[in-house]
Amino acid sequence: MKKIVFIIMTALFCATQLQAQSWRHSNSSNYRDDRHHASNNIYYGLRLGFGLASVNSDDEYLDAPGSRTGLNIGAVVGYQLSTYSPVYLESGLYYTEKGGKNTNNGSKLKYNLNYLKLPVVVKYAIDIYNGINLIPYAGGYLACGVGGKIKNYRDRESMSAFSHDYFKRFDGGLTLGFGASFDVFYADMSYDFGLANICHDDFGSSRNNAFYLNIGVNF
């Protein structure tokens with residue numbers, strides 16, 4: 001995991017340096033015009049951040065209301081929907097760590113649920129001043145579990161989280177967020193509202209929820 005973070009940080013740094021050089025040679029001072037109103041109306045971005053996640057379930061053993069902190073890294077691509085308005089459709093691919101914590105019958109349990117996530121959101125860039133943009137957005141996401149463990153610290157046991165006794169791999173829901181950009185730099189906060197039932201019990205309900213903080217670059 002440390003190697004993944006190092007690679008992403010290096011990529012962010014290199015992209016920032018390249019874009020900063022390009023920016024210094026640009027005749028335009030408006031970020032939105034330079035970045036989003038390009039001839040092909042497409043931008044690309046890298047993101048790095050963390051999330052605070054939990055699992056809400058009516059199953060006492062699967063319920064994990066305690067927040068778990070996890071990594072959130074990805075790459076995005078956005079397309080301007082109209083040349084006459086700053087509205088963009090953005091998607092990408094993220095590796096994100098969800099889950100939660102709980103104490104059940106004296107056992108401390110930690111749920112690690114790791115996903116590849118495909119978000120699709122619509123963004124609206126509001127040019128505030130001299131290239132500073134505020135960017136509210138909304139949309140949804142689909143995700144597939146790629147690994148996960150349930151750790152029982154009292155019994156020192158570790159079980160696969162994505163098994164018939166615990167959670168399904170498929171997840172999906174709604175995303176609401178708010179971002180800001182200046183020059184090549186970007187930051188945002190967002191919340192995933194899980195709508196898919198991720199437990200195998202047809203009569204039960206388990207759903208992911210997560211709050212994210214991210215930084216990144218657009219180019």
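Me: Buried means under 20% relative accessible area, exposed means over 50%, and partly exposed is in between (1.4 Å probe, protein chains only). What share of the 219 residues of the protein counts as buried?

Reply: Of the 219 residues, 47% count as buried. This is a predicted model, in which local features need pLDDT of at least 70 and side-chain atom pairs count only at pLDDT 80 or more, while totals for chains, interfaces and linings use all residues. Residues are numbered from 1 along each chain as its sequence is written, and side-chain values use heavy atoms, with hydrogens and water left out.

Me: How many helices and strands does the protein have, and in what order do the elements run?

Reply: Helices (H or I, at least four residues) and strands (E, at least two) are DSSP runs, numbered from the N terminus. Here the secondary structure comes to 2 helices and 10 strands. Reading from the N terminus, the order is α-α-β-β-β-β-β-β-β-β-β-β.

Me: Which residues have the most contacts inside the largest nonpolar core?

Reply: In soluble globular proteins, nonpolar side chains tend to be buried together. A nonpolar core is a set of buried Ala, Val, Leu, Ile, Met, Phe, Trp, Tyr and Cys residues joined through side-chain atoms within 4.5 Å. In this model the largest core has 17 residues, and L113, I150 and F167 have the most contacts inside it. Strands β4 (107-124) and β6 (132-152) each supply at least two residues of this core. The greatest share comes from β4, which gives 4 residues.

Me: Now the aromatic pairs. How many are there, and what describes the geometry of a pair?

Reply: A pair of aromatic rings is described by the distance of the centres and the angle of the planes. Rings of Phe, Tyr and Trp (its six-membered ring) pair if their centres lie within 6.5 Å; planes under 30 degrees apart count as stacked, over 60 as edge-to-face and the rest as tilted. The structure holds 6 aromatic pairs. One of them is Y115 with F162: the ring centres are 5.6 Å apart and the planes stand at 75°, so this pair is edge-to-face.

Me: Where in the chain do Y115 and F162 lie, and is Y115 buried or exposed?

Reply: The pair links distant parts of the chain, with the two residues 47 apart: Y115 is in strand β4, and F162 is in the loop between β7 (157-160) and β8 (170-182). Y115 is buried because its relative accessible area is 0%. F162 also counts as buried, at 9%.

Another pair is formed by Y191 and F193, whose ring centres are 4.6 Å apart and whose planes are at 55°, so the pair is tilted. Y191 is partly exposed, with a relative accessible area of 29%, and F193 is partly exposed as well, at 35%.

Me: Which lysine lies over the face of Y153, and which over the face of Y141?

Reply: A charge sits over a ring if NZ of Lys or CZ of Arg is within 6 Å of the ring centre and within 35 degrees of the ring normal. K108 lies over the face of Y153, 5.2 Å from the ring centre. Over the face of Y141 lies K117, at 5.6 Å from the ring centre.

Me: What is the phi of N130, and what is that of D183?

Reply: Most residues other than glycine have a negative phi, and most peptide bonds are trans. N130 has a phi near 50°, a positive value in a residue other than glycine. N130 belongs to the loop between β5 (126-129) and β6, and its 47% relative accessibility makes it partly exposed. D183 has a phi near 55°, also positive in a residue other than glycine. D183 lies in the loop between β8 and β9 and counts as buried, at 13% relative accessibility.

Me: How far apart in space are V122 and Y137, and how far apart are G140 and V121?

Reply: V122 and Y137 are 15 residues apart in sequence, with their C-alpha atoms 5.5 Å apart. V122 is in strand β4 and is partly exposed, with a relative accessible area of 39%. G140 and V121 are 19 residues apart in sequence and 6.3 Å apart in space, C-alpha to C-alpha. G140 is in strand β6; its relative accessible area is 19%, so G140 is buried.
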